[in-house]
Amino acid sequence: MSEQSPRFLSLDVFRGMTICFMIIVNTPGSGALPFSPLEHAEWHGFTPTDLVFPSFLFAVGNAMSFSLGRYKQISNAAFFRKIIKRTLLIFLIGYLMYWFPFFRLDNNNHIIGAPISDTRIMGVLQRIALSYFFASLLIHYLTTKKVIIASALLLVGYWIILLLFGDRQQPYSMLGNAGIYLDKFLMGPNHMYHGEGVAFDPEGWLSTMTSIVNVVIGYFAGKFIQEKGKGYETISKLMLTGALLIFVALWWNMVFPINKKLWSSPFVLLTTGIDLLLISALVYILEIKNQNQLKWTGFFLVFGKNPLFIYILSEVLVIILYMIPTAAGKSLFGSINSTVFQTIAPGALGSFLFAISFMLVCWVVGWWLNKRRIYIKV
């Protein structure tokens, strides 16, 4: 464990905001309909919640803009060992997190085994790991121009694959897209996500093609801010690029829908465009106007210091709350919601208050680590 290297305040705050909102949208309270702004688009379309995960990948790219430069000084073999080690570690943590706690409770609260044959293989951390890995390879071995060309090929190539190998009538449907065919072939239904009521993985193998581009654009944004400094020219170019990406995304959406669960190419351009606008706003407020003493920045910096650890903590804690039975016949997660938050504010508002409270619990852990200057790096 060691302290992270210095970062631009705007990039730190952006990363912290991403983790904060990621925890909120992932843990709505039970016992009521979720607070509508915290819901993902049902299929095609876009909601503010859909921006959170791609922004996490964008932030990974920001962080890479500080670290990959140092890797130029080492051999290619040493570089490859470093990134493959980190990729495998993050992927393994994500896999074990879905398997955790390696047992289950049946209807009679008896402990039974959790077979590895039913464990989900892909997921959020797994997507982060793979996107980081391939983006690192592209950036390290190719020139800037070739990385841009490769990114464009990934976006267009994914579109073509969906059209050629998906259902000819509904290539962008949940059960007819090429991604679900590939995932079933490689993993089988038992190793896929079932939250949609069917075996469909929104973080599947094929759609990782396009998520790589979120990391690449985040990298270039971070590198550009470092090289050009904290000036009006920097934010104007970032904003113009962001606006251009959004324009192309909306145009492309007419023939290839914006869709988070497919991680469609227009979705990548839309989210990275919005991220560039957000980064520009933060650079203006925190770097140019020097409003770095605002108290709200300190709140988000707590998340930004240990982002991956706090995210993992939030996921594991939810699993534990669901696993603990109560006398009411519910899980501890459900009991807390029904007896506390649904009593205080019935309905969606109570669900939202639980999400906020849960996020604050995770923040307290992050605050404690930061106070003791403990920074857990994977």
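**Ground rules.** I am working with a predicted model, where local features need pLDDT of at least 70 and side-chain atom pairs count only at pLDDT 80 or more, while totals for chains, interfaces and linings use all residues. Residues are numbered from 1 along each chain as its sequence is written, and side-chain values use heavy atoms, with hydrogens and water left out.

**Entry 1, the largest pocket.** I looked up the open space first. On a 1 Å grid over the protein atoms alone, a pocket is an open set of points with protein on both sides within 12 Å along at least five of seven lines, a cavity is a set where a 1.4 Å probe fits but cannot get out, and lining residues have an atom within 4 Å of a point. Points are joined across faces, edges and corners, and a volume is the space filled by probe spheres set on them. The largest pocket holds about 1600 Å³. Its lining has 46 residues, and Tyr 98, Arg 120, Tyr 193, Gly 195 and Glu 315 are the closest to its centre. I sorted the lining into 26 nonpolar, 10 polar and 10 charged residues (Ala, Val, Leu, Ile, Met, Phe, Trp, Tyr, Cys and Pro are nonpolar; Asp, Glu, Lys and Arg charged; the others, Gly among them, polar). Which helix gives the most to this lining? Helix 11 does, with 6 residues (helices are DSSP runs of H or I, at least four residues, numbered from the N terminus).

My search of the whole structure found 1 cavity of 30 Å³ or more. The largest cavity has a volume of about 80 Å³. Among its 13 lining residues, Asn 177, Gly 179, Asp 183, Asp 201 and Ser 207 lie nearest the centre. Helix 6 (residues 178-186) contributes the most to that lining, with 3 residues.

I checked the length of helix 7 (residues 208-228): at 1.5 Å a residue its 21 residues should span 30 Å, and the end C-alpha atoms are 31 Å apart, which agrees. The expected span is 1.5 Å times one less than the number of residues.

Is Val 213 buried or exposed? Val 213 is buried, because its relative accessible area is 2%. Leaving out residues up to four places away in sequence, Val 213 touches Ser 151, Leu 154, Leu 155 and Val 268 (contact means heavy atoms within 4.5 Å).

Key
Helix = DSSP H or I, 4+ residues; strand = E, 2+ residues; numbered from the N terminus. Buried < 20%, exposed > 50% of the residue type's maximum accessible area, 1.4 Å probe, protein only.
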